[in-house]
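Hello,

Here is the structure I promised to hand over. My notes follow it.

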Amino acid sequence: MSAPAAAAPAPASQQGARAATGPEQGHLAAIRRALPRHRGRPQDAAGLTTYVVLGVVALLFLAPFGYMLVAASRPMAEMNTFPPPLLPGPDLWKNIATAVRQQNIGLALGNSLIVSGIITASTALFCTLAGYAFAKLRFRGRDLLFGVTLGTMMIPPSLSVVPLYSIMADLGLAGSLSSVVLPSLVAAFGVFFMRQYLSSALPDELLEAARMDGATALRTFWSVVLPIARPGMAVLGMLTFMTAWNDFFWPVITLNSTNPTVQVALNNLGSGYVPDTAVIMAGTLVGTLPVLVVFVVLGRQIVGGIISGAVKG
Amino acid sequence: MTVQLDRPVPGDSPGTGGPVRLPWRSRLHAWEGRSAPYLYVTPFFLVFAAFGLFPLVYTAFISLHRYKLGSRMSWIGFDNYVWLFTNGAFYNSLWKTITIGVLSTVPQLMLALGLAHLLNYRLRGRTFLRVAMLMPYATSVAAATLVFALIFGRDAGIINGLLGLVGIDPVDWRNGDWTAQIAISVIVIWRWTGYNALIYLAGMQSISSDLYEAAALDGANRWQQFRHVTLPGLRPTILFTIVVSTIGASQLFGEPLLFGGGQANGGPVGQYQTLGLFMYQQGWQFGQLGRAATVAWVTFLLIIGLVLLNTRLSKLRGGADR
């Protein structure tokens, strides 16, 4: 109801401003034309040098992936030559099969999918719930609780590893996938992210309207908040999935090689005395590919998510 | 604004005839409205308290005990701390953590700043470039380290091949002191530069272009604009990335572990044994969980000190500039 009323004055005042600054604008434009082109300003078109530099950097960033693929598909003897071959060779499937046989890569992929999937779903849901409360609801102790959440975002993972190990042993969960999932079910960053997202994406008027219609709090969350939160949840979900998939420290400590996640399997692959580096690279490729595919397909959204999370942070 | 004032507030509706007249349904409704926020934050805080806050305190508790893998804890007071502070390996790993931290963080953030500046131009293929810069960030520590261990190989590594082109003899990256630290830093730089560049880019795009126009009108050239408009505008962002990178550097674990082929000693003479690796070695190779907890707790205190120092320094510098 109040939305159109609030929106109405904006265009008018803009027009007014435009009219008032009309002559000045021409003046400014003249000065601007007279000045030498100040190329350092943002949103100026990039020159050739910029493209060349960025191209080289992009190449450096991507080259290791190419190296991974080539090294995974050729006998090591061929990689020993310089310059190394630039195109993949014929051994890729054979090496992948060997890696899968030696290090349970198949099981590791399945385990990582389960672990990351559960962590992603629960983080997205619980952090949206809490983020919504922190963004839009008033309650006693809100600022204190949010402060605690923010403060612990910076706690390093190594700090909790020893006690987690002890707790999981007491719970009889040592070595199980649950011991990896449980500590990551929620993340302080997720609460922060969803709070930022919802405080700008969710108009108060909508909550107002739901309240006037007599919707219960849970119903409001389900039918009003969730649909609006969905794009933010998707970005948070992608970031969470990536983090969970790549998590190293704790899984390496709690899991063993009989029931590994991908990163634990890679650790074993790199720690064992596997003489064939091609097999190591094949395993690395298989373990990295799922995240990279997600990333290439949804890269634009992830980049947007990181940028929008950063501005407010 | 006015709408908000006269809307019925669930939970406290004094003027409507008192609670007696309220049917149970709307009282339930009001109660739900008041308790809902707590319901919403409960799942988060339950897990968070159990696996985030409790371990924090518990680590300190464990550090005061002798606690071996597979046995019970016994109280030994500050013995673990005495052991730690009289241990040469601890000071070595502390020093290596600092040097690798500087070697990886400083070039990383400077490169990121330059990259962000270039990415801030109007570019064709913008999305491709941004995604390409973030691909290393999406790669796991393990995968990145395994690839770079090959790239930095002594006999077949591509880096030594390139160095050979300009007449430099093959470098034994892994067994050297500084060379191993540089190689590990390169892995960190590769993984994190693009991420930090995007953070800086976001900060740059929130700087008003009016500032640049004003600076240009004052005759500031490209460099002066960067120095006097971009950098001050980015100060909070830069501080943020420094804090995050400092914490990250103090946690280096997977890179030195796998660069050394899964050995926790960080090279034959510990030339790249970081604090994270030292802790892992104590806890899960020597089975001394109490000592590992002590390392973790001391690392944490060091981080807090560093972050506070960072913040203080940047405030001082901010004041001096103005």
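I started with a helix pair in chain B. The axes of helix 5 (residues 88-119) of chain B and helix 9 (residues 178-205) of chain B come within 6 Å and cross at roughly 40°. That angle makes helix 5 of chain B oblique to helix 9 of chain B. Oblique is what remains once under 35 degrees is called roughly parallel, over 145 roughly antiparallel and 65 to 115 roughly perpendicular. Axes are lines fitted to C-alpha atoms, for helices over the stretch in contact, with angles from 0 to 180 degrees between N-to-C directions. Helices (H or I, at least four residues) and strands (E, at least two) are DSSP runs, numbered from the N terminus.

The contact of helix 5 with helix 9 of chain B divides into 19 nonpolar, seven polar and one charged residue. Here Ala, Val, Leu, Ile, Met, Phe, Trp, Tyr, Cys and Pro count as nonpolar, Asp, Glu, Lys and Arg as charged, and the others, Gly among them, as polar.

Please keep the provenance in mind. This is a predicted model: local features need pLDDT of at least 70 and side-chain atom pairs pLDDT 80 or more, while totals for chains, interfaces and linings use all residues. Residues are numbered from 1 along each chain as its sequence is written, and chains are lettered from A and ligands numbered from 1 in the order in which they are written.

Helix 5 of chain B has another partner. Helix 13 (residues 275-285) of chain B packs with helix 5 at about 145°, their axes 8 Å apart. That contact has six nonpolar, two polar and no charged residues.

Next, the interface. 88 residues of chain A are in contact (C-beta atoms, placed from the backbone, within 7 Å) with 89 residues of chain B. Helix 16 of chain A gives the most to its side, with 17 residues. By class, the chain A side has 61 nonpolar, 21 polar and six charged residues.

Then the core. The largest nonpolar core holds 153 residues, and Cys127(A), Ala130(A) and Leu198(B) touch the most other members. Such a core is a set of buried Ala, Val, Leu, Ile, Met, Phe, Trp, Tyr and Cys residues joined through C-beta atoms within 7 Å. Helix 9 of chain B gives the most to this core, with 17 residues.

Last, a loop. Ser71(B) lies between strand 1 (65-66) and strand 2 (74-75) of chain B. Ser71(B) is exposed, with 10 other C-beta atoms within 10 Å. The cut-offs are 20 or more for buried, 12 or fewer for exposed, and partly exposed in between.

Best wishes

How values were computed: Two residues are in contact if their C-beta atoms, placed from the backbone, lie within 7 Å.
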